[in-house]
Structure formats: structure tokens, C-alpha cells
Amino acid sequence: MSVWEKYIRQVEPYVPGEQPAGKNLIKLNTNENPYPPSPKVEEALKNMDPEAFRKYPDPASSVLTGALARCYGVDPSQVFVGVGSDDVLAMAFMTFFNGEHPILFPDITYSFYPVWAGLFGVPYETVPLDGEFRIRPEDYRRQNGGIIFPNPNAPTGLFLPLDQVEEILKNNPDSVVIVDEAYVDFGGTSALPLIDQYENLLVVQTFSKSRSMAGMRIGYAFGSRKLISAMENVKYSYNSYTMNQAALCLGAAAVEDTAYFRDTLGRIIRTREETKVWLKELGFSFPDSMANFIFASHEKADAEELYQALKKERIYVRYFKKPVLDRYLRITIGTDQEMAALHDFLKRYLGR
Ligand code: PMP
């Protein structure tokens with residue numbers, strides 16, 4: 001091994017879901033929205049002048065933070081934007097998790113958290129969920145260097161009621177508490193109203209799921225001025241121009257179309273509830289998801305074999321080859337047509 005090789009940072013990377021090429025497939029594996037972005041985004045795209053790409057974008061991303069601030073009724077100084085919520089979360093890890101005590105997150109959760117902890121050298125401890133995959137607020141009553149959890153949690157889809165989120169906040173005035181709300185629009189309640197009361201609360205959301213813009217990479221966070229300005233300082237010490245001009249312009253257009261947002265959300269929620277009914281009829285069991293996916297297992301069907309059989313049919317779902325999780329498939333809610341195709345296949349597969 002050469003000397004320079006010894007200096008290479010050793011990390012265990014996050015493994016994103018597959019992005020198979022081709023058109024004739026049903027993609028239910030990465031929690032994308034099955035509907036296109038708002039027509040306002042298409043319009044803004046048509047009106048975009050390439051001349052705007054000649055210059056650097058506004059480093060403060062004011063068009064987008066302003067649109068988000070108006071939409072959510074907060075001050076622009078309480079909004080931070082980034083390249084997907086992954087970027088926002090990574091910045092938050094860098095900014096807030098520098099104490100000597102381990103940070104806490106659930107043992108079953110978004111698998112990027114331990115990766116960032118590893119990359120940034122943040123000590124962490126995982127907190128077991130209860131037997132029904134629930135977060136127990138009382139388990140977060142011990143010394144820690146910060147707390148992070150998704151709400152709804154991933155990949156379970158379970159939502160922790162806001163009074164229990166608040167219980168965690170009340171018991172942890174000395175830590176930054178990050179609530180990752182990537183899936184909150186599909187039926188949860190956001191902790192956003194609590195940011196005025198809890199200066200240590202950061203609420204993170206994304207355009208990738210509920211706003212149908214995973215490919216544009218836009219995420220954002222709400223928090224007290226203190227938290228947001230600390231994140232800005234880290235951002236400006238790392239990369240001043242995280243947001244490109246197209247993302248700023250198209251993101252702002254998307255936020256302005258509340259009617260379309262509500263309509264597509266309503267459709268996905270309806271399809272999810274219908275899917276729960278037939279999955280149950282087929283003998284699947286699953287936590288009661290409030291997200292745009294269902295984490296389902298079947299007593300008589302091996303999850304990995306079913307995953308492979310679905311893949312052969314060009315139906316992609318997510319399978320995690322890890323203890324406990326390996327009995328489940330995470331199925332993103334697609335269009336009614338896509339879910340009907342999945343339903344038909346599962347009926348045949350299970351001999352129903
Ligand atoms: N948080 C959770 C819980 C997620 O599942 C995801 C999607 N992988 C993200 C954050 C990141 O999404 P994005 O970077 O597309 O905003």
C-alpha cells in the first residue's frame with residue numbers, strides 16, 4: 001500500500017435504491033411521487049432564460065427561501081435550503097453534532113444517519129423501537145449530544161404524534177433535536193409550529209416526495225434564527241453555491257401551487273389506504289403507514305424471493321438485507337394503475 005493510500009478516508013457509504021433504466025417498469029422502490037411536478041414548474045421551465053446560467057446563483061437562495069417562508073408563514077431567516085434534504089441533514093450533522101456525548105437515533109430508521117455520523121466522526125447510540133416499531137419518547141431521556149429521527153419514521157411509515165415529539169423536546173433542552181419530515185405531508189402533522197417555542201428544534205423537509213421533484217434535489221429546514229444562521233455559517237465554509245439557478249426558480253414555482261400539491265397528496269393518500277385493504281386481504285401485515293410507502297411482510301412468502309419475483313416482472317420494490325428488515329418489503333405508493341398491476345401479480349404469486 002502506498003503512503004497516500006493510507007491517508008484515504010475509510011467510510012462505509014450509504015446505498016441508495018436502484019434506478020433501473022427503461023420505461024416499461026413499475027418503480028415502487030425509492031419513494032418517488034408517481035405524479036409529475038406542478039404544471040407551474042413546467043411553465044417556469046419553459047420561461048427560463050439560459051442567460052441566467054452564465055452567472056453564479058444567489059448564494060442566499062432568496063427566491064426559494066422567500067417562497068418557502070411565505071408558504072409556511074415563517075420569516076426567511078428561519079429557513080435553510082440545500083441540495084435535497086440529504087444535503088440539509090449532512091449540514092445539520094456538521095453544524096450541531098459536535099458534543100462529546102453520543103447522538104441518539106432509532107435502531108430502525110433512515111440508514112443515512114450512521115453514515116453521516118461515520119463521515120463526520122460523530123459518536124452515536126441507537127435506541128431500540130418497541131415491539132411494534134414505535135419510538136418511545138421516554139427512551140430519549142438520557143444524556144446525549146443531539147437527537148435525530150424521521151417522522152413518519154422510515155422504513156416503517158409510523159408517525160409519532162406531536163405531543164410525543166414535544167415530550168422529547170421538553171426532556172432535551174440541552175440538545176439540538178432534528179425531526180426529519182421527508183414524509184410528513186402524506187398524513188402526519190409537522191412540528192413546524194414548535195420552532196418558536198423550542199430554539200433547539202430543526203424541522204427538515206424535502207421536495208423529493210410530496211412535491212414530485214426528487215430529480216431537482218431540493219430540501220429545506222425550519223428552525224430558530226440561531227440554528228439557521230449556524231447552518232449558514234457552515235454552508236458558507238463549505239460551498240457557497242449549493243443551489244443551482246434552475247432549482248431555485250423551479251422550486252419557487254412548485255411552492256406557489258398549493259392546489260396541485262393538495263390534489264396529488266390526496267390521491268396518494270387515497271391509493272395508500274386502498275392498498276392497505278387489499279394487502280391485508282392477501283395476508284400481509286404492516287405498520288399503519290402515514291407515509292407514501294408501506295412496509296409489508298407476509299407470513300408465507302419469503303421477502304427476498306418475492307422481491308426477486310417482482311423484479312422479474314419489472315416491478316421494483318425495496319428490500320433491505322438486514323436483520324429484522326429482511327422479512328419486509330418497502331412498497332412505494334404508485335398510481336392506481338401501478339398498484340393494480342402489483343395487486344394482480346401478488347394474487348397470482350400467492351395463489352389467491
Ligand atoms: N430522510 C428520509 C427519512 C428519507 O427517506 C430520505 C429519502 N432517501 C431523505 C431524508 C432524503 O431525501 P432527499 O435528499 O431526496 O430530500
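How many nonpolar, polar and charged residues does the lining of the second largest cavity have? By class, that lining has five nonpolar, two polar and two charged residues. The structure is a predicted model, in which local features need pLDDT of at least 70 and side-chain atom pairs count only at pLDDT 80 or more, while totals for chains, interfaces and linings use all residues. Residues are numbered from 1 along each chain as its sequence is written, and side-chain values use heavy atoms, with hydrogens and water left out.

**Terms for open and enclosed space**

- Both kinds of space are found on a 1 Å grid over the protein atoms alone: a cavity is a set of points where a 1.4 Å probe fits but cannot get out, whereas a pocket is an open set with protein on both sides within 12 Å along at least five of seven lines.
- Lining residues have an atom within 4 Å of a point.
- Grid points are joined across faces, edges and corners, and a volume is the space filled by probe spheres set on the points.

**The largest pocket**

- The largest pocket contains about 1,200 Å³ of space, and of the 48 residues lining this pocket, Tyr14, Val15, Tyr110, Ser111 and Arg318 are the closest to its centre.
- At least two lining residues come from each of α4 (84-96), β3 (103-106), α5 (113-120) and β4 (124-127), where helices (H or I, at least four residues) and strands (E, at least two) are DSSP runs numbered from the N terminus.
- Helix α4 supplies the largest share of this lining, three residues.
- The lining divides by class into 24 nonpolar, twelve polar and twelve charged residues; Ala, Val, Leu, Ile, Met, Phe, Trp, Tyr, Cys and Pro count as nonpolar, Asp, Glu, Lys and Arg as charged, and the others, Gly among them, as polar.

**The ligand and its shell**

- The ligand is surrounded by 13 residues, of which Ser85, Asp180, Tyr183, Thr206 and Ser208 are the closest; a residue counts as near if one of its heavy atoms lies within 4 Å.
- The shell around the ligand comprises five nonpolar, four polar and four charged residues, and α4 gives the most to this shell, with four residues.
- Polar contacts are pairs of N or O atoms within 3.5 Å.
- A polar side-chain atom of Tyr183 lies 2.6 Å from a ligand oxygen atom, and an N or O atom in the side chain of Asp180 is 2.7 Å from a ligand nitrogen atom.
- A polar backbone atom of Asp86 is 3.0 Å from an oxygen atom of the ligand.
- The ligand taken alone exposes 410 Å², and the protein buries 92% of that; accessible areas come from the Shrake-Rupley method with a 1.4 Å probe.

**The largest cavity**

- The volume of the largest cavity is about 70 Å³.
- Ser38, Ser210, Arg211, Ser212, Ala254, Asp257, Tyr260, Phe261 and Thr264 form its lining, which divides into three nonpolar, four polar and two charged residues.
- Helix α9 (residues 258-281) contributes the largest share of that lining, three residues.

**The second largest cavity**

- The second largest cavity has a volume of about 40 Å³ and is lined by Pro59, Ala60, Ser61, Thr65, Val79, Phe80, Val81, Glu232 and Lys235.
- The elements giving two or more residues to this lining are β2 (79-82) and α7 (225-236), and β2 provides the largest share, three residues.

**Backbone features**

- Asn151 and Pro152 are joined by a cis peptide bond with omega of about -5°, and Pro152 is placed in the loop between β5 (147-150) and α6 (162-170).
- A cis peptide bond also joins Ala154 and Pro155, with omega of about 5°; Pro155 is in the loop between β5 and α6.
- Arg217, although not a glycine, has a positive phi of about 60° and is located in the loop between β7 (201-206) and β8 (219-222).

Key. A polar contact is a pair of N or O atoms within 3.5 Å; within protein, one must be able to donate a hydrogen and the other to accept it, and residues adjacent in sequence count only if both atoms are side-chain atoms.
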